[in-house]
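Below are my notes, point by point, to read alongside the model.

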Amino acid sequence: MSEGISQPDQPQELEGEGKDLFSKFDDIIALREGLLSQGREDPFNLVMEKVLSPTRAICNGRETILLGTYNYMGMTFDPDVVEAGKQALADFGSGTTGSRVLNGTYQGHKECEQALKDFYDMDHAMVFSTGYQANLGIISTIAGKGDYIVLDIDSHASIWDGCAMGQAEVVPFKHNDIEAMEKRLKRIPADAGKLVVLEGVYSMLGDVAPLKEMVAIAKKYGAMVLVDEAHSMGFIGENGRGVVEDAGVIDDVDFIIGTFSKSVGTVGGFCVSNHPKFEIMRLVCRPYVFTASLPPSVVATAETSIRKLMHGSNKRAHLWENSKNLHKGLRELGFKLGTEEPQSAIIAVVMPDLEQGAAMWEALIRNGLYVNLARPPATPANMTLLRCSLCAEHSEEEVGQILEIFEKSGKEVGII
Amino acid sequence: MDRAQVDAKIRELAEPFNKKGVTITEETTFQNDLEFDSLTVMDFVAEIEDEFDIIISMNQQAEIENYGQLVDAVCKLQADS
């Protein structure tokens, strides 16, 4: 969830100075300083000096294999995608300088939304400036005061923030627990507005939600259903439409939220829906209205990428192979993994604690491999995780190299 | 169920979560005295919800800081349902 936290240097506290608004961050400042004082490289301040491909970059002067970028389908350097961006930059300029509802809707934004409608085979598509804003905007706008939101406790920060902003009654249930979800839905007043919010793939452990059962139960109690498919688009489901497609419930969900910053390979967020009144969202959804729209080059790259993902079945098959190989290999090396079987393109390696997790992260980066360090409070059950996200452009040999680096680093740190 | 009965039942449910064996009074706070983290809160609330067949939304939980307030809230929610 919040891997990009970067803390500025703490100002020297002068003797006798009182507390101020920053005092609430003292614990996290101390934790961070404790880690850095052991001479560790800062896991939250990595700079990619040069990006060579979807799977390789120069980080801190070293050539590094990228295994934590969510660039699942490797579209960032696709020649057609890059060309579309260059063309749009030349034809439409560097930015729109305006909101979608004022001067910020260009031809490219409409074409991008059409690509999404075609990709998902749905009636409506609305593009937001980020995935975070898509969740924030849709959830806060449709579920307001007096309505109820039932959601998984491991939901992404953007979902929680959307719940808080809309002021609905928020009722969480235990992660992926079908029975706990039903019990809560059953107790909500029958006449209250209800929204169930689920994710296809949960990004911390890379596990998949039992959407077939959960969506059926939500419908039984008259709830609308929103599914965040950020980590499955382009990869899971026959047409890459996500876990909803794989579980055969895409026609029963009311809203799918997604992002351009993972498989699509750029930045932006979206919501697709078949709701007949969906278009009104463009006028009432504040995170859509009160911000500038995406630059023309971004929507052009997104549109091109989405259209190419429709025909990505070979890449999908290779990505599954990578995921299975890495899962099996890490397991054989003796690492503890977040899921028994590979369920997505995310493989989470469970670390004994934050200190050893940080040490392992540093050993990996020194040996030329980048993964995400995920730590409490962003993680379930306060686990420290090394999160690996695979790319369809990782070759079989690269997965082999990745395993070698894990073995070497794990032995250096004494975890395996 | 009257307040005393609700109190007795919640005390029983709190037992396994009270790892340090803190003596629970009306003023005992969940965050500072019992040191419940967010996951413990979720599990504890789920037990209470299932026992009394009620919903304590996160919005309502935000208003509850100590044990006495929890018992009052459950009594009220039970009467409403």
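1. The buried residues of helix 6 of chain A pack against strand 5 (148-152), strand 6 (169-173), strand 7 (194-199) and helix 7 (211-220) of chain A, together with helix 2 (38-52) of chain B. Helix 6 itself spans residues 178-187, and its buried residues are A180(A), M181(A), R184(A) and L185(A). They cover an arc of only 130° around the axis, so they sit on the same side of helix 6 of chain A. The arc is taken from the directions from the helix axis to the C-beta atoms. An α-helix has 3.6 residues a turn, so residues three or four places apart point the same way. "Buried" here stands for 20 or more other C-beta atoms within 10 Å of the residue's own, with C-beta atoms placed from the backbone. Helices (H or I, at least four residues) and strands (E, at least two) are DSSP runs numbered from the N terminus.

2. A word on conventions: this is a predicted model, where local features need pLDDT of at least 70 and side-chain atom pairs count only at pLDDT 80 or more, while totals for chains, interfaces and linings use all residues. Residues are numbered from 1 along each chain as its sequence is written, and chains are lettered from A and ligands numbered from 1 in the order in which they are written.

3. Chain A is divided into domain 1 (39-73 + 313-413) and domain 2 (79-309), with bounds from an automatic or database domain assignment. Their centres, over C-alpha atoms, are 27 Å apart. In contact (C-beta atoms, placed from the backbone, within 7 Å) are 18 residues of domain 1 and 19 residues of domain 2 of chain A. On the domain 1 side, helix 12 (313-333) and strand 14 (346-351) of chain A each give two or more residues, and strand 14 has the largest share, three residues.

4. Which residues touch the most other members of the largest nonpolar core? They are I149(A), V150(A), L211(A) and V349(A), in a core of 138 residues. Such a core is a set of buried Ala, Val, Leu, Ile, Met, Phe, Trp, Tyr and Cys residues joined through C-beta atoms within 7 Å. Both domains of chain A give residues to this core, so it lies between them.

5. Lastly, an open sheet of four strands in chain A has the order 1-2-3-15 with mixed pairing; strands pair if DSSP finds at least two bridges between them. Strand 2 (residues 56-59) and strand 3 (residues 62-66) of chain A run antiparallel, joined by four bridges.

Methods
Two residues are in contact if their C-beta atoms, placed from the backbone, lie within 7 Å. A residue is buried if 20 or more other C-beta atoms lie within 10 Å of its own, exposed if 12 or fewer, and partly exposed in between; C-beta atoms are placed from the backbone.
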